[in-house]
Amino acid sequence: MRRTLSLLSALVAVAGLTSGVAAAAAKTPKVLVIGLDGARFDKLMAADTPNVHALVQRGYASRSSLYGSGMAPTVSGPGWSTILTGVWPDKHKVKENSFAGNDLASHPSWLARAETANPALDTYAAVDWTPIGDKILRTGQDRKFVQNGDSAGYEKTDEQVAVDAEKHLKQDKADASFVYFGQTDEAGHGHGADSAQYEASLRTDDALIGRLLAAVDARANRAGEDWLIMISADHGHTASGGHGGDSPEERMTFVIAAGGAVPAGTPAVAPKIVDIAPTVLRHLGVAAPAVYDGYPLGAAPADVFDTATLKPRQDETGVPAGVLGWTHDAPGGWTVRNAAGMPAGVTEWQGWAFTTDDFWTRTAPGQQREANARARGVFAVADPDEWDDKGSPSSRGTFDSSLVSPGLDVSGKSTVDVSFVSHYRQEGTQRGALTASFDGGPEQNVLAYGPESGTANKGGDVLSVPTSASVKVPAGARSVKLTWRLYAAGNNWYWAVDAPRLTTR
């Protein structure tokens, strides 16, 4: 009898656990994204901002970097367009705060995409920078609360935004919401990011965030809801105030998230602000469009270059000593091969190197290295422009270096497909080539970069472009290696490559 009772008890317990799992899985997804205009991540985390810190402690947080010259200036129009559309400025074409020539009609906000996919969702936005409401969020919300902080003052209109958002978050269905506060940007312009006024504005932002979170927690069905909370910014500020340029402080942004399927902690590879839109849609059960440039947080594909072990500066004394950011030691079976007799120049760029955005862009700001926005983590760079800055090696010879992939088995296959992110600037006689070699045989041309244009060549600059090509496998071939070569270069520009993927079919 005791055994029968024990078995029944066990079944009841299992049923209870199963019921609990089902109940947890049945929680209704909700999203709140909060935008803090001009908020620098380092200043936000150093300030007395307990509500932000509490989200970070129970969720995900990482500094990130924007694009820069060559793609768009670090101003609000491109920044908020990128956060809300999930694509970089070269797609949505917002290049300034005038929004002239934009293609936002082709790239609606994630609120609009969610509304279109599921009209039953309750979508909402509250902002006090009117171009967000008039341009980026012109359609796609069930309700939109827009104030003009430029004329009324952002301290006043931020409060009005908070009051409306509190009411909405507490009482409405509130499936997907975006709330924007603008006063920190005004404090940055008026007083600089190192000022007491800027820090005070961040504390005010934190208090406003606390009110929104309290409204969420006060919901009647809070226990049955799964809330994803995200916070980000459109750009940073200089110490003395201002933005729009290419400095690390102006390009500084961040992603903070808690809830949903977002992994906890600080990621090894920093996210991009284009990741916010697909993360929101994933949580809402809406498929992200193929045009998106980002990935849901925690879902970006692995990249072998990110396993490289980086070193501090050697010749690049303009980079802070504490910034790890380069190596010639290729990871995961890749190799770097420099031509015999290639003259010695700056150590970090003596042939293909593996580096990061934070290190590489500091070497020579404002030369469109910052536009390499689609690269993540560690990427490969051949940079004869920086190589030539020590001893003028181009007066004694040319830059000629190759980055060679591991061998890929092609036995029984007909085609090799290769994809990568390419960020290439052209000058003079410099040339780039992607070639394939089967079983150690002759190099076959796949792609070419150089001064000529045409079907087989990419003439001129090719900035942060997803690139792909296919190569036919010769009969009987067993292995292939692909080579990225930059050559015939002196004091010219550079080629950056990231996320290479080789597959067969």
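Contact is taken here to mean heavy atoms within 4.5 Å, and helices are DSSP runs (H or I, at least four residues) numbered from the N terminus. The model is predicted, so that local features need pLDDT of at least 70 and side-chain atom pairs count only at pLDDT 80 or more, whereas totals for chains, interfaces and linings use all residues. Residues are numbered from 1 along each chain as its sequence is written, and side-chain values use heavy atoms, with hydrogens and water left out.

In α6 (residues 110-117), Trp110, Arg113 and Ala114 meet Ala277, Val280, Leu281 and Leu284 of α12 (residues 276-284). The residues of this contact comprise six nonpolar, no polar and one charged, where Ala, Val, Leu, Ile, Met, Phe, Trp, Tyr, Cys and Pro count as nonpolar, Asp, Glu, Lys and Arg as charged, and the others, Gly among them, as polar.

Helix α4 (residues 76-85) is largely enclosed by the rest of the structure, because 10 of its 10 residues are buried, that is, under 20% relative accessible area with a 1.4 Å probe and protein chains only. The buried residues of α4 include Trp80, Ile83 and Leu84, and the helix is followed by Gly86, whose phi is positive, near 80 degrees.

The largest nonpolar core has 49 residues, and those with the most contacts inside it are Phe420, Phe438, Trp484 and Trp495; such a core is a set of buried Ala, Val, Leu, Ile, Met, Phe, Trp, Tyr and Cys residues joined through side-chain atoms within 4.5 Å. A second, separate core of 46 residues includes Leu111, Ala125, Ile132 and Leu284.

How values were computed
Helices (H or I, at least four residues) and strands (E, at least two) are DSSP runs, numbered from the N terminus. Buried means under 20% relative accessible area, exposed over 50%, partly exposed in between (1.4 Å probe, protein chains only).
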